[in-house]
Amino acid sequence: MTKLELDPTAGKNQTFFLPDGIVINVPEKVKIGEEFELVVGKMVIENKYKRMIIKYDKDGKFIQLISEVFDQKN
């Protein structure tokens with residue numbers, strides 16, 4: 001069984017655990033001219049985790065939104 005990785009940004013972001021099971025990964029700093037990602041996820045029901053990855057280009061323009069749902073099978 002593969003373990004769910006809460007921070008797919010390879011350690012570039014800081015992880016914060018918010019109330020209601022929300023996990024958010026944000027950069028500690030964003031440098032001018034550098035691409036960055038935000039990752040937000042939540043366990044919505046037992047065995048189902050939803051996550052969104054929001055990507056911005058080097059100019060700070062939104063470029064991509066990825067929505068994922070993970071089901072854990074027993």
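Good morning. The structure is a predicted model, in which local features need pLDDT of at least 70 and side-chain atom pairs count only at pLDDT 80 or more, while totals for chains, interfaces and linings use all residues. Residues are numbered from 1 along each chain as its sequence is written, and side-chain values use heavy atoms, with hydrogens and water left out.

I begin with the overall picture. The protein chain contains five strands and zero helices. Here helices (H or I, at least four residues) and strands (E, at least two) are DSSP runs, numbered from the N terminus. In sequence order, the pattern is β-β-β-β-β. Along the principal axes, the C-alpha atoms fill a box of roughly 45 × 20 × 20 Å. Of the 74 residues, 19% count as buried. The term buried means under 20% relative accessible area, exposed means over 50%, and partly exposed lies in between, with a 1.4 Å probe and protein chains only. Of the contacts with a separation of 6 or more, 17% are between residues 24 or more positions apart; a contact means heavy atoms within 4.5 Å.

Let us turn to the sheet. The five strands form an open sheet in the order β1-β2-β3-β4-β5, and the pairing is antiparallel. Two strands pair if DSSP finds at least two bridges between them. In general, strands of a sheet pair through backbone hydrogen bonds, either parallel or antiparallel.

Why is one side of β1 and of β5 left without a neighbour in the sheet? β1 (13-18) and β5 (62-71) stand at the edges, and each has a single partner strand, so one side of each has no neighbour there. On average, neighbouring strands are turned by 15° against each other, direction ignored. For this angle, axes are lines fitted to C-alpha atoms, for helices over the stretch in contact, and angles run from 0 to 180 degrees between N-to-C directions.

I now follow the pairs along the sheet. β1 and β2 run antiparallel and are joined by six bridges. Threonine 15 has asparagine 25 of β2 as its bridge partner. Asparagine 25 also has a bridge partner in β3, namely valine 39. β2 (residues 22-27) and β3 (residues 36-45) pair in the antiparallel sense over four bridges. Within β3, lysine 42 stands opposite isoleucine 22, and glycine 41 stands opposite valine 23. Glycine 41 in turn has arginine 51 of β4 as its bridge partner. Between β3 and β4 there are nine bridges, again in the antiparallel sense.

Two turns deserve attention. β1 and β2 form a hairpin with three residues between them. Aspartate 20, in the loop between these strands, has a positive phi of about 65° although it is not a glycine. Aspartate 20 is exposed, with a relative accessible area of 63%. The hairpin of β3 and β4 has two residues between the strands, and asparagine 47 there takes a positive phi near 75°. Asparagine 47 counts as partly exposed, at 25% relative accessibility. As background, most residues other than glycine have a negative phi.

Methionine 43 is partly exposed, with a relative accessible area of 43%. Not counting residues up to four places away in sequence, methionine 43 touches Gly21, Lys48 and Tyr49.

Finally, I come to the largest pocket, which holds about 240 Å³ of space. On a 1 Å grid over the protein atoms alone, a pocket is an open set of points with protein on both sides within 12 Å along at least five of seven lines, where a 1.4 Å probe fits; lining residues have an atom within 4 Å of a point. Of its 13 lining residues, Lys12, Asn13, Glu35, Phe36 and Glu37 are the closest to the centre. The elements that give two or more residues to the lining are β3 and β4 (48-56). The lining divides into five nonpolar, two polar and six charged residues. In this scheme Ala, Val, Leu, Ile, Met, Phe, Trp, Tyr, Cys and Pro count as nonpolar, Asp, Glu, Lys and Arg as charged, and the others, Gly among them, as polar.

Thank you for your attention.

Note on methods:
Points joined across faces, edges and corners; volume = space filled by probe spheres on them.
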